[in-house]
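Dear colleague,

I am pleased to hand over the structure below.

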Amino acid sequence: MALEEDPPWPAGPLPFTVGAQAGDADGRRGLFTPAAARALYDRRWHRWTSQAEGPLRLDGMELLRTPTARAAQQALAVLHFTVAAGTPMLPMLRAISHRRQAGQPDPLAGAMAPAALLGAVADTAAPAAPFALSRPYTVVFLAPGPGFGALALRDAGTGEVPAEADDFLRSLASRSAPVDLPAAPESVPGIRAQVRRISADWSALVLRQGAAFLGHRADTGAGDFYDRAAYNARTVYLDALLLGTVQRNHIDELTDDLSGVFEGPGLARRVAALEQRIALFRSTYWRQHLSAHGPANGLLMDFQQKHRLPERFEQILAEAADYARLVQTQESQQIAGALGVLTVLGLPLGTALSILQVLGDSRPRDLVLALTASLAATAAALTTRYGRLVLSSLRGRAR
């Protein structure tokens, strides 16, 4: 979305609390590196709200400015929802993803549509390429309640997490049921290996369409460990995924701009501008290490791997280096061509004048003849293979 001016909201992220700990900007900055904290909190605003529509209750909204060279007004919006107890989570996520067999309308429509919620402060129209997300990225936290059953719970005898729990976690993160995207049997071990065990009580999985957190013991209600787990999911872990989203948008734009580097004149100027943007992105946003402890690093790395961000950024660096070498070669050829032209022009003229000086001839007629002869020699030299090569280098045709 586009944010033309700062919204009239309080600065910073939504200050969720658990116990005596507040998740405001000051409280979260200490968990991240200074560069990551600046990117996440310096241009961020929040607003508490309490708006219900069906099983969804909107708790609050956040806006984070994420400007790029192509989209100076670009921003990310975060909507925090609570789902009513007893509401099946997976059918709702499938409806958000617009699965053909979901069987229910999109919950993020009507009063809960981003355009209705944020239209007064931001332009929610779909951004132009290369920022291509067809549906919102979802982050789900689910703690098994008394009526949830044993699907996600650790086995009481062995203490192991059942395979069905990891399958359900994948469904939550991908917003799909097996009928939508049946997994090949050969890929199931690899999918389960991607699950990140945050602790004995809950796990996380980050995929391209969304992320999910799933508890592995029954939720006992207020005051349970899951209060802190939900706090972490809404604050620190969400911020790690937001930083990954910002990184992906910048890499998408740089990749698209590199593909058009040869379109039009001014190759050296465009390559220099791209190198400056790459350096700025690298110093401001490109981080693979967020904090000294905690799973936030792992979640960010999972997001990066799902979108192949490290490989894509390495390719960007390699392409930019190739283009810079090409520009340097072209400039060296042009300099050599200019020196060659000076040689071709200056050698006959210098020779003619030197002969006249040795002979002591200062008559105007002889001087004109010497100049004419030197110009003829220069023209003849430029018609040779060496002369044509000099002119071609000067014009930059070696590109």
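Arginine 308 sits in the loop between α10 and α11; helices (H or I, at least four residues) and strands (E, at least two) are DSSP runs, numbered from the N terminus. With a relative accessible area of 53%, arginine 308 is exposed, where buried means under 20% relative accessible area, exposed over 50% and partly exposed in between (1.4 Å probe, protein chains only). Its phi is near 55 degrees, a positive value in a residue other than glycine. Most residues other than glycine have a negative phi.

Please note that this is a predicted model, in which local features need pLDDT of at least 70 and side-chain atom pairs count only at pLDDT 80 or more, while totals for chains, interfaces and linings use all residues. Residues are numbered from 1 along each chain as its sequence is written, and side-chain values use heavy atoms, with hydrogens and water left out.

Histidine 307 is found in the loop between α10 and α11 (309-359). Histidine 307 is buried, at a relative accessible area of 6%. Neighbours within four places in sequence aside, histidine 307 is in contact (heavy atoms within 4.5 Å) with Arg208, Arg248 and Arg312. A positive phi also occurs at histidine 98, where the value is near 60 degrees. Histidine 98 belongs to the loop between α3 (89-96) and α4 (114-118) and is partly exposed, at 46% relative accessibility.

Salt bridges

The structure holds 20 salt bridges, each being a side-chain nitrogen of Lys or Arg within 4 Å of a carboxyl oxygen of Asp or Glu. One of them joins arginine 28 to aspartate 239, with the closest N and O atoms 2.8 Å apart. This pair links distant parts of the chain, since arginine 28 lies in helix α1 (residues 25-29) and aspartate 239 in helix α8 (residues 236-259), 211 residues apart. Both arginine 28 and aspartate 239 are buried.

A salt bridge also forms between aspartate 302 and arginine 196, whose closest N and O atoms are 2.9 Å apart. Aspartate 302 is in helix α10 (residues 296-306) and arginine 196 in strand β7 (residues 196-197), so the pair ties together parts that are 106 residues apart in sequence. Aspartate 302 is buried at 15% relative accessible area, whereas arginine 196 is partly exposed at 29%.

Aspartate 257 and arginine 277 meet in a salt bridge as well (2.8 Å, N to O). Through shared partners, salt bridges join Arg70, Glu253, Asp256, Asp257 and Arg277 into one network.

Helices

How do the axes of α8 and α10 cross, and at what angle? They come within 9 Å and cross at roughly 30 degrees; axes are lines fitted to C-alpha atoms, for helices over the stretch in contact, and angles run from 0 to 180 degrees between N-to-C directions. That makes α8 roughly parallel to α10, because angles under 35 degrees count as roughly parallel, over 145 as roughly antiparallel, 65 to 115 as roughly perpendicular and the rest as oblique. Residues of α8 including Val236, Tyr237 and Leu241 meet residues of α10, among them Leu299 and Phe303.

Helix α2 (residues 34-41) is mostly covered, with six of its eight residues buried. Among the buried residues of α2 are Ala35, Leu40 and Tyr41. The elements covering the buried residues of α2 include α1, β3 (44-53), β4 (56-65), α8 and α9.

Yours sincerely
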